[in-house]
Amino acid sequence: MQAWQVHENGEPSEVMRLAETERPVPGDGRVLLRVRAANINFPDALMIRGHYQVRPPLPFTPGLEICGETEDGRRVIANPALPYGGFATYAVADAAALLPAPDALDDAEAAALHIGYQTGWFGLHRRARLEAGETLLVHAAAGGVGSAAVQLGKAAGATVIGVVGGADKAAVARGLGCDVVIDRRAEDVIAAVKEATGGRGADVVYDPVGGEAFTQSTKVVAFEGRIVVVGFASGTIPAPALNHALVKNYAILGLHWGLYNTKNPELVQHCHEQLTDLAARGAVKPLVSERVPLSEAAAAVQRVADGVTTGRVAVVPGDEAAA
């Protein structure tokens, strides 16, 4: 089979190597899956660079979420068990954690329904308790994580403000359903949010960016608002001024979705059922902006790492490679 391998940490386009390897042999409690589609996540790039909290031993195959096929032909969503990640023709996953792929979605869309949408659902519903009629502000609204939050916010009955970088991404955010779109490169984000909310601010802020985006969030969050911290795509981890949170009466909520897989896996299953229902009703549909063959995975991961993509980029191994 073919698999992309990382033998040393660095930029994805420089250190990922496509190799012919033996199919992995799953251990107890694990299954071998044929990869139908693998979604690219920003943490894949961080892991390849050696900057992620999870550091698999070298060499490893990246690829944190897939739509795969079991030996008996079932289409499933899975998080591959590293070092046998998803940027390959076969991957290994925990048998107990497999989730049925929704019939309403194709392989690439199904692969993209998992981490980003689970993170959005837990962040908005479990942590922030978003209610219908509230205002939700989403940073990086045209990205993979942000686009999921936009759709979930609209499905929950919220008014959604999306912040993006550039006119092209602004068009994507409008297409996703944002009620208000703010181009941070051309507009003053703080002034624009205050204008859009009549000075009240956003009830919930969804922040996968950190850095300056978090600082902006603290200035536009409403009374009793909630800022959900889900990542630091900017590369800068903010140091919040807790006296400011006290004076303005807002909450800062951290979300590490992966913990639910060990702390409360039943909630992960419940969330998937909710997402499957939303997909069946057409309320959510992952935005897959690119589908690339396995041979182009390294270049695609680099584009995601560089922040130039919108929605999700999926690696789709060809049938001829699965022999």
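Predicted model: local features only at pLDDT ≥ 70, side-chain atom pairs only at ≥ 80, totals over all residues.
Figure 1. A disulfide is a covalent bond between the sulfur atoms of two cysteines. A pair is counted here when the sulfur atoms are within 2.5 Å, and by this rule the count comes to zero disulfides. Cys67 is buried, with a relative accessible area of 0%. Cys271 is also buried, and its relative accessible area is 0%.

**Figure 2. The contact of helix α4 with helix α11.** Helix α11 spans residues 265-280, and its axis comes within 10 Å of the axis of α4. The two axes cross at roughly 100°, and α4 is therefore roughly perpendicular to α11. Sorted by class, the contact of α4 with α11 has seven nonpolar, four polar and one charged residues.

**Figure 3. The contact of helix α4 with helix α5.** Two packed helices are described by the angle between their axes and the distance between the axes. For α4 (residues 115-127) and α5 (residues 144-155), the axes come within 8 Å and cross at roughly 50°. The helices are therefore oblique to each other, and α4 passes α5 in a right-handed crossing. On the α4 side, Gly116, Tyr117, Gly120, Trp121 and Leu124 take part. These residues meet Ala148, Ala149, Gln151, Leu152 and Gly153 in α5. By class, the contact of α4 with α5 has six nonpolar, four polar and no charged residues.

Figure 4. Ser147 is located in helix α5 and counts as buried, at 3% relative accessibility. Leaving aside residues up to four places away in sequence, Ser147 touches Ala140, Ala141, Leu176 and Gly311. Ala140, one of these contacts, is found in the loop between β8 and α5. Although Ala140 is not a glycine, its phi is positive, at about 55°. Ala140 counts as partly exposed, at 33% relative accessibility. Arg129 has a positive phi near 55° and is likewise a residue other than glycine. Arg129 is placed in the loop between α4 and β8 (135-139). At 51% relative accessibility, Arg129 counts as exposed.

Figure 5. Asn41 is situated in the loop between β3 (30-39) and α2 (42-49). With a relative accessibility of 3%, Asn41 counts as buried. Its contacts, not counting residues up to four places away in sequence, are Glu65, Ile115, Val304 and Arg312. Asn41 and Pro62 are 21 residues apart in sequence, and their C-alpha atoms are 9.9 Å apart in space.

**Figure 6. Helix α2 and its packing partners.** Helix α2 is mostly covered, with six of its eight residues buried. The buried residues are Asp44, Ala45, Leu46, Met47, Ile48 and Arg49. The elements against which these buried residues pack are β1 (2-6), α1 (12-15), β2 (16-20), β3 and α12 (297-306). Gly50 follows α2 and has a positive phi, near 85°.

Figure 7. The peptide bond from Leu58 to Pro59 is cis, and its omega is near -5°. Pro59 belongs to the loop between α2 and β4 (65-69). Another cis peptide bond joins Leu82 and Pro83, with omega at about 20°. Pro83 is located in the loop between β5 (75-78) and β6 (90-94).

Definitions and conventions:
Residues numbered from 1 in each chain as written. Heavy atoms only, no water. Axes fitted to C-alpha atoms, helices over the stretch in contact; angles between N-to-C directions. Helix = DSSP H or I, 4+ residues; strand = E, 2+ residues; numbered from the N terminus. Parallel < 35°, antiparallel > 145°, perpendicular 65-115°, else oblique. Left-handed = near helix turned anticlockwise from the far one by under 90°. Contact = heavy atoms within 4.5 Å. Nonpolar A, V, L, I, M, F, W, Y, C, P; charged D, E, K, R; others polar. Buried < 20%, exposed > 50% of the residue type's maximum accessible area, 1.4 Å probe, protein only.
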